[in-house]
Amino acid sequence: MRLFVAIDIPEDVRSAIAALVSKLRPACRNARWVRLEGLHVTLKFIGETSPEACQAIQAALAAIPPRAPFSITFRGLGFFPDDRRPRVLWAGVKGGTELAALAGEIDAALAAMGIPREEREYSAHLTLARLESPRILQTFQDAVKSAGRLSFGRATVEEFDLYQSVLKPGGAEYTRLATFSLAGSKPE
């Protein structure tokens, strides 16, 4: 099983991003665009694991200490690793210290089970496209810059989810395995 922990995003945010993507697609037809119905804010990528380990992962996530809900905003666009060598187009996610703290606690809880800790600092984002060829990148970068400073909406985070990812030729498909309330209740 290929697993990750994430926050789902509201439908109005998804719709705002879909409107932008429909404008950007013609500028970079060779990009691999993500399935918009699967957009999420990744908190921790776990990777391949056994079904038995999945139960222990769920128990570790259920033991994360309770916390108050918090707000996140979705705005702006950028490239990883940077504008000169763009490989991924992303939409920004701002969640203050609360979002990074939640990701850190999840990382620590899973590290105690032997799942490797993240080596890089947590950087919340929504992956929109993966870029393969540098041939028409200037046209695409110009289209992104002309889109301006975009705001896609807000959300109140009250829960997070454990997902299974199945890689398919048309893109990854996600299945929600469990939901964990920030209030500390048992997984659904």
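User: How do I read accessibility here: does E173 count as buried, exposed or partly exposed?
Analyst: Buried means under 20% relative accessible area, exposed over 50%, and partly exposed is what falls in between (1.4 Å probe, protein chains only). E173, at 32% relative accessibility, counts as partly exposed. Bear in mind that this is a predicted model, where local features need pLDDT of at least 70, side-chain atom pairs count only at pLDDT 80 or more, and totals for chains, interfaces and linings use all residues. Residues are numbered from 1 along each chain as its sequence is written, and side-chain values use heavy atoms, with hydrogens and water left out.

User: Which side chains form salt bridges with E173?
Analyst: Side chains of opposite charge can pair when their charged atoms come close. The cut-off is a side-chain nitrogen of Lys or Arg within 4 Å of a carboxyl oxygen of Asp or Glu. R35 meets E173 at 3.2 Å, N to O. That pair links distant parts of the chain, 138 residues apart: R35 sits in the loop between strand 2 and strand 3 (40-48), E173 in strand 9 (residues 173-181). Strands are DSSP runs of E, at least two residues, and helices are runs of H or I, at least four, numbered from the N terminus. K168 also bridges to E173, with the closest N and O atoms 3.2 Å apart. R35 is partly exposed at 30%, and K168 is partly exposed at 40%.

User: How many salt bridges turn up in the whole structure?
Analyst: The search finds 10. One of them joins D8 and R14, with the closest N and O atoms 3.1 Å apart. D8 is partly exposed at 33%, whereas R14 is buried at 8%.

User: And how many aromatic pairs are there?
Analyst: You describe such a pair by the distance of the centres and the angle of the planes. Rings of Phe, Tyr and Trp (its six-membered ring) pair if their centres lie within 6.5 Å; planes under 30 degrees apart are stacked, over 60 edge-to-face, the rest tilted. The whole structure holds 4 aromatic pairs. Take F4 and Y163: the centres are 5.2 Å apart and the planes at 10°, so the pair is stacked. F4 lies in strand 1 (residues 2-8) and Y163 in strand 8 (residues 159-166), 159 residues apart. F4 is buried at 4%, and Y163 is buried at 8%.

User: What about F80 and W90: what are their distance and angle?
Analyst: The centres are 5.6 Å apart with 35° between the planes, a tilted pair. F80 lies in strand 4 (residues 70-80) and W90 in strand 5 (residues 88-94), so the pair ties together parts 10 residues apart in sequence. F80 is partly exposed, at 27%.
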